[in-house]
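Please look over the structure below before reading on. The briefing after it is meant for a reader who has not seen this structure before.

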Amino acid sequence: MIAGLSAGPAAAGPEGTAWGYNSYGVPGLIDMPGAFGRDDGELGYAVSHFQNQTRHALTFQISERLSASFRYALLYDIRRNPGGPVEPYRYDRSFSLQYRFLEEGIYRPAFAVGVNDIAGTGVYGGEYVVASKTFSPRFRATLGLGWGRLGSHGGFTNPLGVLKNSFKYRPMASSGLGGGFQANTWFRGDAAVFGGVEWRPNDRWRLIAEYSSDDYAREDGAAFDRKSPLNFGVDYRYNDRTTVSARYLYGAELGLQLTYALNPKQPRMGSGLDAAPPPVVPRAAQAGPSPDLDDSALIAAARTALAREGLSLHGLARDGDTLRIQIGNDRYPIAAQATGRAARALTGLAPAHVERFEIRLTEKGMPVSSVLVRRADLEALEFHPVASDLMRARTRITDAPQSLPLNGGHFPAFTAALEPYLTPSFFDPDSPLRLDAGAAATARYEPRAGLVFSGRLQQKLVGNLDKTIRPSTSVLPHVRSDGYLYAKGSDTSLTELTAAWYVRPGQDLYGRVTLGLLEQMYGGVSSELLWKPQNSRLALGAEVNWAKQRAFDDMFGFRDYDVVTGHVSAYYQFDRGYTAQLDLGRYLAGDTGATLTLAREFDNGWKIGAFATRTNVSSEDFGEGSFDKGISLTIPIDWITGKPERRAINTTIRPVQRDGGARLSVPGRLYETVRGQQASALDASWGRFWK
């Protein structure tokens with residue numbers, strides 16, 4: 001049975017996109033890949049099953065031409081190596097990449113190259129070059145050349161052997177610890193031809209026939225009997241996001257596939273369910289001259305008007321014909337929307353002689369940006385067809401290293417909340433998915449700007465994280481591999497209790513000092529300095545921490561292990577939301593090395609990334625997985641509900657959690673704290689200014 005999950009526009013897809021996902025979660029046919037990708041930005045989850053084979057795949061269309069897949073397979077009655085002894089079961093993790101290097105033309109097919117199992121045990125190791133051609137809106141054909149598993153049926157001498165004789169021979173892939181790159185095997189050994197055709201009688205149905213070049217040598221005669229290279233399938237598109245598929249595979253087995261896909265560019269609630277913004281109040285519409293309120297009356301009026309919009313007034317000052325306010329925003333995930341609502345509110349209360357509004361945006365009590373707008377532009381452009389572009393052209397955004405007088409009455413401030421929580425654990429060999437769920441009480445107290453006391457208390461209600469029975473065998477200090485013992489220790493956990501000080505040391509500089517119980521496993525002291533100019537793509541940071549491991553079953557107790565860690569970091573923002581982060585330094589186990597994180601961010605707050613860490617810990621000492629790596633997802637809650645909300649769902653999917661390359665988790669790190677309020681972020685989503 002085969003099942004998959006995909007998102008985005010109609011699953012049939014516009015011209016030039018793949019019509020579906022194959023059983024490995026790769027855009028393609030049934031088992032074989034195609035040359036077309038999915039819609040840019042699409043995130044698809046696929047689950048597939050046929051006899052003794054279950055595959056889960058998460059696929060992200062990184063760009064129009066590049067897609068990546070993470071796959072987790074449950075395999076039964078499989079051979080470790082072709083011709084070898086049969087294992088009763090295996091849980092296998094692997095990554096795949098596909099790049100379309102030539103677009104389809106009038107007469108020319110699209111061409112793509114791909115690598116399966118690019119970092120895994122090699123069970124699904126294979127490479128390919130494939131071409132696909134659209135002959136009509138209803139019919140496509142695909143033809144490819146594969147190596148590895150995709151060169152195992154009907155194989156012939158590798159044509160790349162004319163370039164170098166070593167291409168004719170494929171070294172045996174080492175399953176070993178898994179997770180390593182085995183580039184010496186890529187595009188080597190025998191090659192074989194595969195292909196197929198797709199026909200869509202209408203927009204809901206797709207019929208597929210393919211010739212597979214995979215002989216299933218590890219599974220044939222053990223998991224199932226492979227009798228034919230031909231596969232046949234039918235897809236039914238239930239709706240724009242969900243597709244179900246049925247297949248007849250290798251002359252022997254039936255399979256099913258379910259595919260669900262979404263695209264971060266397309267919120268479930270469209271433009272959202274926000275309450276209407278306050279109207280711009282033109283001075284000409286005021287009844288008589290606007291009274292020149294004294295400061296106390298103006299502050300009270302501004303505080304009330306901003307509170308209606310979910311904003312808090314930190315400070316207010318007048319300078320001739322300019323009214324300046326400093327605000328906090330706990331409601332809107334897009335800073336441009338908070339800015340626009342604040343500006344609109346000011347038009348209804350500012351004295352008539354005020355010509356300009358300066359709005360200073362803050363985070364954690366720190367002023368971050370100054371947005372200067374002209375009142376006349378607000379009055380003239382509110383209903384203009386290109387109001388956003390014209391307003392941005394007439395607005396000045398600069399750094400705000402200095403705070404206004406804190407006379408808004410906001411501090412001291414206290415907030416508390418009760419919310420559900422989920423804590424997943426992936427890829428335990430005894431249970432691929434474990435989960436705890438319960439309620440979390442959070443509280444935050446700010447006695448003054450920049451000083452934040454916060455805590456989080458969790459009460460588990462249901463779950464099985466404490467059922468792990470595999471003790472750590474790591475030869476490194478057990479800085480993460482004993483994490484399951486915290487779930488066994490108590491159903492009530494104090495996961496955070498900190499005091500943090502945020503400060504602006506100077507122009508383009510931000511500072512932070514945090515102390516207390518930093519996370520579930522560690523307490524200590526963390527300090528950080530960040531250089532992040534308003535319009536710079538580049539940011540630089542440095543962090544130094546002293547961390548002590550917390551007791552397993554005592555909220556305030558500690559164990560003997562402590563360590564000094566720290567990193568220097570470089571952050572860079574490319575075009576179209578692509579970002580890179582490089583961290584160099586010392587990790588929790590005392591190892592030293594680097595972490596590279598690549599991500600794509602969307603203007604609405606979605607973020608999908610991948611990271612890898614290599615340190616001076618050898619693959620053997622690291623253990624299963626060879627080195628730390630994983631996928632991170634950030635899903636803004638307002639994307640789901642349509643209501644303005646700054647919180648987001650954050651999760652990390654690691655193939656395995658070990659001790660090498662483990663980093664301290666510190667709340668409120670500066671880069672993510674401030675950059676959403678800066679000019680580059682405001683520019684990217686300025687259309688929300690009028691929302």
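The model is predicted. The protein chain has 691 residues, and 54% of them are buried. Its secondary structure comes to nine helices and 30 strands. With a radius of gyration of 28 Å, close to the 26 Å that the globule rule gives for 691 residues, the protein chain is as compact as a globular protein of that length.

**The chain as a whole**

- The C-alpha trace of the protein chain spans about 90 × 65 × 50 Å along its principal axes.
- Of the contacts in the protein chain between residues at least 6 apart in sequence, 60% join residues at least 24 apart.
- The protein chain has an accessible surface of about 28400 Å², and carbon and sulfur atoms account for 60% of that surface.

**Aromatic pairs**

- The count of aromatic pairs comes to 19.
- One of these pairs is formed by Phe50 and Phe224, whose ring centres are 5.3 Å apart. The planes of the two rings are at 80 degrees, and an angle over 60 degrees counts as edge-to-face, so the pair of Phe50 and Phe224 is edge-to-face.
- This pair links distant parts of the chain, as Phe50 and Phe224 are 174 residues apart. Phe50 is in strand β1 (residues 43-50), whereas Phe224 is in the loop between β9 (205-211) and β10 (230-237).
- Phe50 and Phe224 are both buried.
- Phe50 and Phe224 also belong to a cluster linked by ring pairs, together with Tyr216 and Tyr250.

- Strand β4 (residues 86-102) contains Glu87.
- Glu87 has a relative accessible area of 15%; buried means under 20%, so Glu87 is buried.
- Apart from neighbours within four places in sequence, Glu87 is in contact with Tyr76, Asp77, Ile78 and Arg80.
- Tyr76 is eleven residues from Glu87 along the chain, and the C-alpha atoms of these two residues are separated by 7.3 Å.

**Backbone features in loops**

- Most residues other than glycine have a negative phi, and most peptide bonds are trans. The residues below depart from one or the other of these patterns.
- Phe411 and Pro412 are joined by a cis peptide bond, with omega at about 0 degrees. Pro412 lies in the loop between β17 (396-399) and β18 (413-428).
- Asp117 is not a glycine, yet it has a positive phi of about 55 degrees. Asp117 is placed in the loop between β5 (110-116) and β6 (126-136).
- The relative accessible area of Asp117 is 7%, so Asp117 is buried.
- Arg576, also a residue other than glycine, has a positive phi near 65 degrees. The loop that holds Arg576 runs between β25 (558-573) and β26 (578-586).
- The relative accessibility of Arg576 is 44%, so Arg576 counts as partly exposed.

Note on methods
Residues are numbered from 1 along each chain as its sequence is written. This is a predicted model: local features need pLDDT of at least 70, side-chain atom pairs count only at pLDDT 80 or more; totals for chains, interfaces and linings use all residues. Side-chain values use heavy atoms; hydrogens and water are left out. Helices (H or I, at least four residues) and strands (E, at least two) are DSSP runs, numbered from the N terminus. The radius of gyration is taken over C-alpha atoms; the globule rule is 2.2 Å times the number of residues to the power 0.38. Buried means under 20% relative accessible area, exposed over 50%, partly exposed in between (1.4 Å probe, protein chains only). Contact means heavy atoms within 4.5 Å. Accessible areas come from the Shrake-Rupley method with a 1.4 Å probe; for residues, only the protein chains shown count as cover. Rings of Phe, Tyr and Trp (its six-membered ring) pair if their centres lie within 6.5 Å; planes under 30 degrees apart count as stacked, over 60 as edge-to-face and the rest as tilted.
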